[in-house]
Amino acid sequence: MSGTLGIAVIGTGRMGADHVRRIDRVISGARVAAVADPDGDRVKEIAAGIEGCAAFTDPSAALAAPGVDAVLIASPGPAHEATVLEALGRELPVLCEKPLTPDPGGALRIMEAEQRLGRRLVQVGFMRRHDAEYERLKSLLDAGELGRPLFLHCRHRNASSPSFFTTEMLVNDSVVHEVDAARWLLGQEVTAVTVLSPTSSAAAPEGLRDPQFILLETSGGALVDVEIFVNCGFGYQVVCEAVGESGSARIGDGQSVLVQSRGRWGGEITQDYTVRFADAYDRQVRRWVEATRRGEVTGPGAWDGYAAAAVSEAGVTAQRTGVRTEVSLAPKPALYA
Ligand code: ISE
């Protein structure tokens with residue numbers, strides 16, 4: 001296409017509002033044509049600040065609005081399937097925040113809809129694939145600099161969890177990032193999941209099993225361990241160390257500025273993912289807009305969303321039963337080869 005890409009943003013919570021700002025102020029070649037959110041006052045207020053942007057409480061109305069060429073979905077995970085299917089019904093390209101769907105069944109239905117269309121239109125918002133440090137780690141691994149990968153040691157910490165967060169979400173909303181990163185970095189599928197839980201932190205809201213230790217086994221014989229701690233109190237931290245047969249590399253230490261003053265040294269810890277991964281989100285949306293305008297999908301797609309959801313399902317079972325659980329993955333359709 002030659003004109004500006006008109007985007008409908010569905011869901012204007014923390015992530016959706018950040019994407020609206022990004023499309024409006026950071027990205028060129030695109031504009032926010034419509035926004036939808038169940039909170040009518042909020043959505044009107046957001047649209048009021050953007051020229052030519054229509055506000056809706058119903059996602060379907062936003063998809064049908066004039067000037068909408070593509071859709072960015074940032075509503076809660078369980079709402080994704082319906083909106084993605086409707087966008088596919090209208091043959092609109094989609095960037096859907098992770099998880100594509102919390103369950104593999106929903107992701108399979110999305111893949112079936114794409115296969116009926118005979119082309120891919122869905123990209124999943126696994127933004128770590130667009131982070132400069134992750135890209136560097138991937139190129140080290142791909143170049144064989146570390147030798148055959150044996151381990152990924154991951155730490156994923158949030159300062160605090162939102163009120164609606166559940167124990168299952170530690171797996172299907174948070175660790176889903178490590179699942180995708182591991183599949184992408186290693187070029188392997190995750191085959192089994194084990195979950196161990198220490199005594200919950202006193203800072204965890206009642207009923208939330210936080211933190212947890214998650215072990216992923218992969219098709220190439222590597223092991224991925226993840227400490228997930230969503231109420232660590234001190235900030236947002238994502239660390240990944242790859243250990244191979246001939247070397248190791250670690251990202252996420254965040255030592256951008258080292259301050260020495262008053263007899264101490266140290267740096268700052270980002271408090272939030274919209275700050276830690278701001279550049280990755282910008283790059284992700286910029287690349288999606290550019291590819292969409294060329295009529296292509298270049299980022300992680302519905303198959304990646306499905307594979308991650310299948311691992312999440314095994315992870316939630318492993319969490320509940322305390323038993324190592326194998327991942328059951330459907331055969332990969334030719335469209336995603
Ligand atoms: C949140 O939805 C994200 O995607 C963050 O990156 C993650 O750290 C957090 O745990 C999730 O809830």
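1. Start with the largest pocket: 42 residues line it, and Met15, Lys98, Phe164, Asp173 and Tyr273 are the ones nearest its centre. Keep in mind that this is a predicted model. The space in that pocket comes to about 930 Å³.

2. Which elements give two or more residues to the lining of the largest pocket? They are helix H1 (14–26), helix H4 (80–89) and H7. H7 provides the largest share, with five residues. By residue class, the lining of the largest pocket has 20 nonpolar, 16 polar and six charged members.

3. H7 also turns up in a helix pair worth a look. Two packed helices are described by the angle between their axes and the distance between the axes. Here, helix H6 (residues 132–142) and helix H7 (residues 167–186) have axes that come within 9 Å and cross at roughly 35°. On the H6 side the contact uses Tyr134, Glu135, Leu137, Lys138, Leu141 and Asp142, while H7 brings Ala181, Trp184 and Leu185. Sorted by type, the residues of this H6 and H7 contact are six nonpolar, no polar and three charged.

4. On to charges: the count of salt bridges is 24. One of them pairs the side chains of Arg276 and Glu133, at 3.6 Å from N to O. Arg276 sits in helix H8 (residues 273–276) and Glu133 in helix H6, so this pair ties together parts that are 143 residues apart in sequence. Are the two partners buried or exposed? Arg276 is buried at 17% relative accessibility, since the cut-off for buried is under 20%. Glu133, with a relative accessible area of 31%, is partly exposed.

5. One more pair for your list: the side chains of Arg294 and Glu296 meet in a salt bridge at 3.2 Å, N to O. Glu296 is partly exposed there, at 39% relative accessibility.

Notes. Residues are numbered from 1 along each chain as its sequence is written. This is a predicted model: local features need pLDDT of at least 70, side-chain atom pairs count only at pLDDT 80 or more; totals for chains, interfaces and linings use all residues. Side-chain values use heavy atoms; hydrogens and water are left out. Axes are lines fitted to C-alpha atoms, for helices over the stretch in contact, and angles run from 0 to 180 degrees between N-to-C directions. Helices (H or I, at least four residues) and strands (E, at least two) are DSSP runs, numbered from the N terminus. Contact means heavy atoms within 4.5 Å. Ala, Val, Leu, Ile, Met, Phe, Trp, Tyr, Cys and Pro count as nonpolar, Asp, Glu, Lys and Arg as charged, and the others, Gly among them, as polar. A salt bridge is a side-chain nitrogen of Lys or Arg within 4 Å of a carboxyl oxygen of Asp or Glu. Buried means under 20% relative accessible area, exposed over 50%, partly exposed in between (1.4 Å probe, protein chains only). On a 1 Å grid over the protein atoms alone, a cavity is a set of points where a 1.4 Å probe fits but cannot get out, and a pocket is an open set with protein on both sides within 12 Å along at least five of seven lines; lining residues have an atom within 4 Å of a point. Grid points are joined across faces, edges and corners, and a volume is the space filled by probe spheres set on the points.
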